[in-house]
Amino acid sequence: MRLRECLKLGLTVMAFGLVSLGAGVTAQAKTKNVIDHKDCAATNKIFKAQGFKLSLLRVPKNGEIYIAAFSKKQAGRRYEFIAGEQPAGNAVKVNMVVYQGKKVVSQKSSLWGHVGGKYDKDLVSPNSQNETEMIASKTKTWSIKILPPHDQAVTSTAQQLMGSAAMRADMAFNRNSLEYHADLAANQGKSLLVLNQQDDKAYWQGKKILKKYKAYANYSKNMKKKYQRLQKNVAYLENVS
């Protein structure tokens with residue numbers, strides 16, 4: 001493939017659609033993250049199983065709070081989620097913003113924890129407004145009355161999605177392989193990122209193009225401009241904070 005075509009391909013595939021967690025970098029910025037390519041497919045599969053699309057999962061270098069950004073489209077609405085692990089309480093906090101087109105129609109937040117006992121493998125979230133507890137398993141979310149005889153209660157669509165989102169994030173956060181790679185990254189003083197598969201493919205393809213054609217970056221002003229733009233796209237991901 002000729003240089004011009006290769007750079008054009010690199011710029012095309014690296015049109016990242018990330019949910020921004022705050023980043024503004026240049027090609028010369030210091031790399032703060034390790035991109036976990038090996039676990040990308042497995043992590044994405046966890047979210048896909050319930051119809052979610054992962055944007056990114058980030059493990060900070062101190063390893064304290066794992067964060068995942070993901071979304072789901074359902075019944076003409078788009079649900080955007082940010083889930084964060086709460087290690088001290090063995091729980092996951094989920095923030096959800098609901099969009100109808102570009103308009104925000106709802107925002108909700110809930111805390112889901114492992115309480116042991118009968119629901120040892122599930123996540124539980126108390127709902128003080130109607131004196132119920134919501135339980136999220138790997139396949140569904142339901143509500144029961146807190147007081148005996150613990151009858152089942154109505155669970156709204158939003159509550160079901162929050163429970164499902166919490167469980168998907170919890171499953172992803174607790175993968176042994178993810179924790180292993182997060183420790184390796186932390187030993188380098190860096191955070192770990194897992195991307196959605198489209199952005200992961202684009203990132204690694206971009207890295208290969210930059211390495212292969214480094215010697216030709218100054219071939220012309222136009223080539224230099226394209227090469228630097230591709231550098232910035234790669235650097236953006238490497239420095240998401």
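A polar contact is a pair of N or O atoms within 3.5 Å; within protein, one atom must be able to donate a hydrogen and the other to accept it, and residues adjacent in sequence count only if both atoms are side-chain atoms. The model is predicted: local features need pLDDT of at least 70, side-chain atom pairs count only at pLDDT 80 or more, and totals for chains, interfaces and linings use all residues. Residues are numbered from 1 along each chain as its sequence is written, and side-chain values use heavy atoms, with hydrogens and water left out.

**Exercise 1.** Describe the surroundings of Asn44.

*Solution.*
- Step 1: Asn44 belongs to helix H2 (residues 40-48). Helices (H or I, at least four residues) and strands (E, at least two) are DSSP runs, numbered from the N terminus.
- Step 2: Asn44 has 4% relative accessibility, so Asn44 counts as buried. Buried means under 20% relative accessible area, exposed over 50%, and partly exposed in between (1.4 Å probe, protein chains only).
- Step 3: A polar atom of the Asn44 side chain lies 2.8 Å from the backbone oxygen of Cys40.
- Step 4: Apart from neighbours within four places in sequence, Asn44 is in contact with Leu54, Leu195, Asn196 and Gln197. Contact means heavy atoms within 4.5 Å.

**Exercise 2.** Find the buried side of helix H4 and the elements against which the buried residues of H4 pack.

*Solution.*
- Step 1: List the buried residues of H4: Leu178, His181, Ala182 and Ala185.
- Step 2: These residues cover an arc of only 105° around the axis, so they are on the same side of H4. The arc is that of the directions from the helix axis to the C-beta atoms.
- Step 3: On the other side of H4, the exposed residues are Asn176, Tyr180 and Asn187.
- Step 4: The packing partners of the buried residues are strand S1 (33-35), strand S2 (53-59), helix H3 (157-173) and strand S11 (191-195).

**Exercise 3.** Go through the salt bridges of the structure.

*Solution.*
- Step 1: The structure has 3 salt bridges. A salt bridge is a side-chain nitrogen of Lys or Arg within 4 Å of a carboxyl oxygen of Asp or Glu.
- Step 2: Asp39 and Arg175 form one of them (3.6 Å, N to O). Asp39 is in the loop between S1 and H2 and Arg175 in the loop between H3 and H4, 136 residues apart. Both Asp39 and Arg175 are buried.
- Step 3: Glu80 and Arg78 also meet in a salt bridge (2.8 Å, N to O).
- Step 4: Glu238 pairs with Lys207, with the closest N and O atoms 3.1 Å apart.
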